[in-house]
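Trainee: I would like to learn how to read a protein model feature by feature. Where do we begin?

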Amino acid sequence: QIIRCSITNSTRSRRMCDSEIKGFYQHKKWPTQKEVSSTRWFVGMLISSIFSLVYLFTPLYLLVSVTLLLCQYPSIEWSIYFSSPIVLSAIIPPVAVPWLMGWMTPVLDYFQFERIIETKTVDVRSSMLEEKKNYIFAMQPHGVISFGAICLGVSEDTNQFRGRVRTGVASAVLKIPIIKHVMGIFGLTDVSRRNLQSILKKPGIEGSVFLYVGGMAELFKSTRKKE
């Protein structure tokens, strides 16, 4: 079964979604900036900025590390020490960290997160746990960085589901050191056809997956001017 999840922050979209909630929509809205403390909002901004900075500076760190290793500057020992985090990250596979996600709830207040899940009158969680049904959760929009998925994972009430339902990502994300571990705390999986087919054969939570239906193409359509 396919469940559509929308992440929205525009007044127009809220009015539209609020009018459709009865019957087939699950809706949960977090407080706006005016309703939360400035400290909590600021902490949410700092946490969100970590992910943006990792995407921004990791390529530069990779380039500098490779250059220093090749040139053995200022010494071979120092260049190896400087590059060791990249080497370790390249070797060690990423793992989901549900307890850490539980500490990131200020992010929801910073983004004024709103969760709208289009579904029939069925308890999806119980269906996955008790009936062992699996689901494809269709997410939108992708965004430059998928903060929608970050917020959705953080918004889960318990560690029972945090990080267990994997999010499909481009194969490159799982191969880039540092980035794969920072983003990997949310539970990622390769979005390749073969891997998804393998996942969907499993029952329950292990056989469910989040997918951004717009993919990389939608990423390049991101704009500050419109939803």
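Mentor: We begin with strand pairing. Two strands pair if DSSP finds at least two bridges between them. Keep in mind that this is a predicted model.

Trainee: In β6, which residue is the bridge partner of Val169?

Mentor: Asp190 is the partner of Val169. Three bridges join β5 to β6, residues 188-190, and the two strands run parallel. On the way from β5 to β6 the chain passes through α9, and this β-α-β crossover is right-handed.

Trainee: How many bridges join β5 to β7?

Mentor: Two bridges link them, and this pair also runs parallel. Within the pairing, Arg166 stands opposite Val209 of β7.

Trainee: Next, helices. What is the general idea about the way residues point?

Mentor: An α-helix has 3.6 residues a turn, so residues three or four places apart point the same way.

Trainee: Take α8, residues 147-155: how many of its residues are buried?

Mentor: Nine of its nine residues are buried, so α8 is mostly covered if buried means under 20% relative accessible area. Among them are Phe147, Ile150, Leu152 and Val154.

Trainee: Is Cys71 buried or exposed?

Mentor: Cys71 is exposed, because its relative accessible area is 56% and the cut-off for exposed is over 50%.

Trainee: What is a disulfide, and how many does a search of the whole structure find?

Mentor: A disulfide is a covalent bond between the sulfur atoms of two cysteines. The search of the whole structure finds zero.

Trainee: Now pockets. How much space lies in the second largest pocket, and which residues lie nearest its centre?

Mentor: The second largest pocket holds about 820 Å³. Its lining has 41 residues, and those nearest the centre are Ala149, Thr167, Gly168, Val169 and Tyr212. Several elements give two or more residues to this lining, including β1, α7, β5, β7 and α11.

Trainee: Which element gives the largest share of that lining?

Mentor: That is α8, with four residues. Sorted by class, the lining of the second largest pocket has 30 nonpolar, eight polar and three charged residues.

Trainee: What should I look for in the backbone of the loops?

Mentor: Look at the peptide bonds and the phi angles. A cis peptide bond joins Tyr73 and Pro74, with omega at about -10 degrees. Pro74 lies in the loop between α3 and α4, and Gln72 lies in the loop between α3 and α4 as well.

Trainee: What is the phi of Gln72?

Mentor: Phi of Gln72 is positive, about 50 degrees, although the residue is not a glycine. Gln72 is partly exposed, with a relative accessible area of 47%. Gln112 is another residue other than glycine with a positive phi, near 50 degrees. Gln112 sits in the loop between α6 and β3.

Trainee: Last, contacts along the chain. What separation do the C-alpha atoms of Lys133 and Ile205 have?

Mentor: The two C-alpha atoms are separated by 7.7 Å, while the residues are 72 apart along the chain. Lys133 belongs to the loop between α7 and β4. Its relative accessible area is 36%, so Lys133 is partly exposed.

Key. Residues numbered from 1 in each chain as written. Predicted model: local features only at pLDDT ≥ 70, side-chain atom pairs only at ≥ 80, totals over all residues. Heavy atoms only, no water. Buried < 20%, exposed > 50% of the residue type's maximum accessible area, 1.4 Å probe, protein only. Disulfide = S-S within 2.5 Å. 1 Å grid on protein atoms, 1.4 Å probe; cavity = no way out; pocket = protein on both sides within 12 Å on 5 of 7 lines; lining within 4 Å. Points joined across faces, edges and corners; volume = space filled by probe spheres on them. Nonpolar A, V, L, I, M, F, W, Y, C, P; charged D, E, K, R; others polar. Right-handed = clockwise from strand over helix to strand, strands pointing away.
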